[in-house]
Structures are given as C-alpha cells and as structure tokens.
Amino acid sequence: MIWDAEKETMSREALRTLQFTRLSSTVSNVYHHVPFYRQLFDSHGVQPSDLRSLEDLQKFPFTSKELMRENYPFGLFARPLQEIVRIHASSGTTGKPIAAGYTRNDLATWSDLVARVAVQAGVTDKDVAQICFSYGLFTGGFGLHYGLEKLGVTVVPASAGNTEKQIMLIRDFGVTTLIATPSYALYLGEVAADMGIDPRTLPLRIGMFGSEPWSEQMRAEIEERLNLRATDNYGLTEVMGPGVAGECAARNGLHLSEDHFYVEVINPETGEVLPEGCEGELVITTLTKEGFPVIRYRTKDITVLTRERCVCGRTTARMRRVSGRTDDMLIVNGVNVFPSQIESVLMEMEEVAPHYLIVIDKKKRFLDDLEVHVEMNPERFTGSFRALEAVEEKITAKLASVLAVRARVKLVEPKSLARTAGKAKRIIDKRQQGVRA
Ligand code: DLL
C-alpha cells in the first residue's frame, strides 16, 4: 500500500515542476519575512529572482546549526508566534537548543508524512504501535504519535523508560509495532529475557527504528532477538522531526518525501554539490513549511542519494542509511575513523554482545589512544582468561585491518555499559572532555 500514491509516484518531471513552484515561494517567503535570511542572501549577493531553476538553489548560502543557535529562540520563524501552535527543540548536549515552531498546517503535514513513512514500513490501521520515544521537546514522541493516529493505528503512548512495564504492555495489549531507537529495541529484548520472557514470543511484527545511526549488522541482531522486521526511518528537529524519510518493503534506501523537501548531497569540505551516487553530507531545504522554513540546512549526516526507480513503485529519491555524522568522525592520530566502522566489526563477532563504548584519550606524548569497550556475550564465554585474551586479540586484529589505526579492545562484563531509552551514547572523547550522542 502507498499512503499518498499521487505524490509518492509522480513522474520526475511533474515532481520537479512542483518542487520548483514550492521552492520559489519558500525562498521569497523567507526573504520577505525573516530578516536573517534577507541579510544572509544580500550578503551573498542573491535574491529570490535569481532562482530560475531548481539547480539555481546552488547559488544560495547554506544554513547550519550554528546559525540557528545565533537566532535562538524564534529568530528564524516566518510566522508570528500567534500562528505557531507547537514548539519542539533539538536535544543539544551543549549550549542552547534549536527551537522549531509549527503552524497548524505544519502539524497536519507532519502527521501526513509520518503516516507515509509508517505505511512504507508496512504498518497498517490494524496494527497496535507502542511509542517508546519520550514525549516532550524531543520530536520523536509527539511526531510519531499523531502520524500513526492519522493512519488509524492503535497507539500506545508508553514514552521512554520503565522497560519492564513496556514489556508487560507489549504482551497485554498485543503490540505489533515497536517505535524506538534501535539501541532501545535491543535493550528491551535483554530486559524481557531477564524477566523470563523469550522476546521472540512477543507479538511484535514490525519495528520502526530511528533517531540514531545503526548498521545492517545491528538490524540482523535486532530481528533475530525480537523476531520482527526492523525498518529504518530518519528525520531531524531542524527540518521537522521524524517523517523526513523511511524504508519501504525493499529496504534498499530510505524514501525521501521530495514533494516537501528538496535534497542535495555536498562535499562537506568544499560545499560543492555532488552528483547522485556520491557519498557526502545531506543538505535539506523545506518546500512547504510555514512556521520554520529552512534553506539549504547542512544536516552533517553522511549519505548517498539515488533517484533510480524503486521496486516498490515509488518514484521519490532514496537516501542510503546514514552512516555517521561529519562531526562524529573521529580523527585518531590523523586517521579518519567512523563509529559505524567499529560497530560493523563488533556486530560480526559472536563472542561479544551488541553493546559498546568508544573512548579516546591522549596518552603517551600527545598520541591519541583509541579504546573500544565491548560487552562479552555470556552465552559464548567459557570463563577462562586465555579465551578472553584470544577474543580481544581477534577483535583488535580485525579493527586494525578495517580502521587502519590501532584500537585497544577491552571486554567488559555483560550488561555493564549504560543503557538509555533515548539516543545511545557511544563515544567519550576525553581529548575534548565531552560526551557525544
Ligand atoms: O532524532 C528525529 C527522529 C525521531 C527521527 C524519531 C526518527 C525517529 P533530532 O533529535 O533532532 O531528531 O536528531 C536528528 O539524529 O541529524 C541524525 O544525525 C540522527 N538520526 C535521526 N534518524 C536517524 C537514522 C530526531 N534513522 C539527528 N539513522 C539526525 C541515523 C539518524 N541517524
């Protein structure tokens, strides 16, 4: 089933025409209603009349989280507060968050796009969905809630935390769809097992997971443990929240709602727009938002775009699963390392559990020291010290070949690393004294 067949299967030509009309009006709207954009465009020597084709957007300047922070809280809203009916905020770990304002129409569009993503994932109005995202300033809870309700799903707004109760509800209410971060899904399986419940016997059939990067190996692990079909969905507060993109049954990239978002992929170093098929940073321009439109927002998320037709029949562009963020890239003794590379190696090892933490510190004479803490898989552990060492050596060797930099591996006790209901914290960079999501 396709939620909005007319929009999701448009010919590329019709879609581009629609995008251009909407883009022109968005660009003109922000120029005339948001003083910041007028100044930004003027200082780059561009005006709305310079936009004569979709490609002309490349002449316009980028925006970033930093610019949004400078305009905190409402400096980028294009409508008076009286017309804003909801405010969410991004989960900034440092400094001020980014406030996102929604008009009544924005909320209606948001629900519609979340319903689209849910239908893509295979959810129907016969499903019972438990939302384990927190309800509050974070967009995950409310965003998915209203979209799923719009689709006619029976929604269980469990919110985050209280995992034992979550499991009881899944069983008692016959929950078929789990809405969470992928790391919380794994944790849920672990707690169920502790309660003496085989998580494979829970009624779950579909997982809609997002809000943090995860790997194919992690997907396999979740499917095996929870006996459900795990799908990926993507979104961000600055652009809307969940509902920007999601996987269809083919699970070969996430369909982007291009009638509402114009997407580009750029070289993060030069800002140059890259051709389809090249890996780079995703840049998004909203085409229909009223309260908080954004022009050329640099997401810092790394992906690849394709507009090849999907077997599901949708014609919208697809983005490859986000492999990491440009600001998550670790530079360890001059070598670029992505946490996703480490995750992929760990997930392939049967001797360890899918819970890990990357710790970087400055050791001997200013050299960076990369340490990977990973939990032992209790089912695979014989208890012998020699066996433990052998596993550490095996992972160290594999990481060295994949990363081209040496990482020390430390096996830790099962369930000793912190679990969270929100985004998993997997990196501690002591060089900057910071913890990142
Ligand atoms: O995480 C919105 C969301 C809620 C998406 C629930 C999906 C489900 P923020 O808190 O603003 O918004 O964080 C946005 O999270 O720029 C990505 O770096 C990351 N992210 C979100 N979804 C995915 C995903 C919500 N499926 C930031 N894969 C984004 C990888 C993701 N990273």
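Colleague: How many residues of domain 1 are in contact with residues of domain 2?

Modeller: There are 23 residues of domain 1 in contact with 16 residues of domain 2, where contact means heavy atoms within 4.5 Å. Keep in mind that this is a predicted model: local features need pLDDT of at least 70, side-chain atom pairs count only at pLDDT 80 or more, and totals for chains, interfaces and linings use all residues. Residues are numbered from 1 along each chain as its sequence is written, and side-chain values use heavy atoms, with hydrogens and water left out.

Colleague: Fine. Where do the domains run, then?

Modeller: The domain assignment gives domain 1 as 1-325 and domain 2 as 330-436; such bounds come from an automatic or database domain assignment. Taken over C-alpha atoms, the centres of the two domains are 29 Å apart.

Colleague: What about the largest nonpolar core, which residues have the most contacts inside it?

Modeller: Tyr37, Phe41, Val123, Leu148, Tyr234 and Met319, in a core of 68 residues. Helix α5 (residues 104-121) gives the most to this core, nine residues. A second, separate core has 51 residues, including Leu169, Leu228, Leu403 and Ala407. A nonpolar core here is a set of buried Ala, Val, Leu, Ile, Met, Phe, Trp, Tyr and Cys residues joined through side-chain atoms within 4.5 Å. Buried is under 20% relative accessible area, exposed is over 50% and partly exposed is in between, with a 1.4 Å probe and protein chains only.

Colleague: And what does tyrosine 37 touch?

Modeller: Not counting residues up to four places away in sequence, tyrosine 37 touches Val30, Thr63, Leu76, Pro293, Val294 and Ile295.

Colleague: How do α2 and α3 pack?

Modeller: Helix α2 (residues 12-33) and helix α3 (residues 35-43) pack at about 105 degrees, axes 5 Å apart, so α2 and α3 are roughly perpendicular. The contact uses Val27, Val30, Tyr31, His32 and His33 of α2 with Pro35, Tyr37, Arg38, Phe41 and Asp42 of α3. As for conventions, angles under 35 degrees count as roughly parallel, over 145 as roughly antiparallel, 65 to 115 as roughly perpendicular and the rest as oblique. Axes are lines fitted to C-alpha atoms, for helices over the stretch in contact, and angles run from 0 to 180 degrees between N-to-C directions. Helices (H or I, at least four residues) and strands (E, at least two) are DSSP runs, numbered from the N terminus.

Colleague: Switching over: at what angle do α9 and α10 pack?

Modeller: About 45 degrees, with the axes of α9 and α10 8 Å apart, so α9 and α10 are oblique to each other. Gln217, Met218 and Glu221 in α9 meet Glu343, Ser344 and Met347 in α10.

Colleague: Which residues of helix α10 are buried?

Modeller: Pro339, Ile342, Glu343, Val345, Leu346 and Met347 of helix α10 (residues 339-347). The buried residues of α10 pack against several elements, among them α9 (216-226), β18 (352-363) and α11 (385-403).

Colleague: Last one, threonine 288. Where is threonine 288 found?

Modeller: Threonine 288 sits in the loop between β11 (280-286) and β12 (297-303), and is partly exposed, at 24% relative accessible area. Leaving aside neighbours within four places in sequence, threonine 288 is in contact with Arg22, Thr26, Asp106, Thr109, Asp259 and His260.
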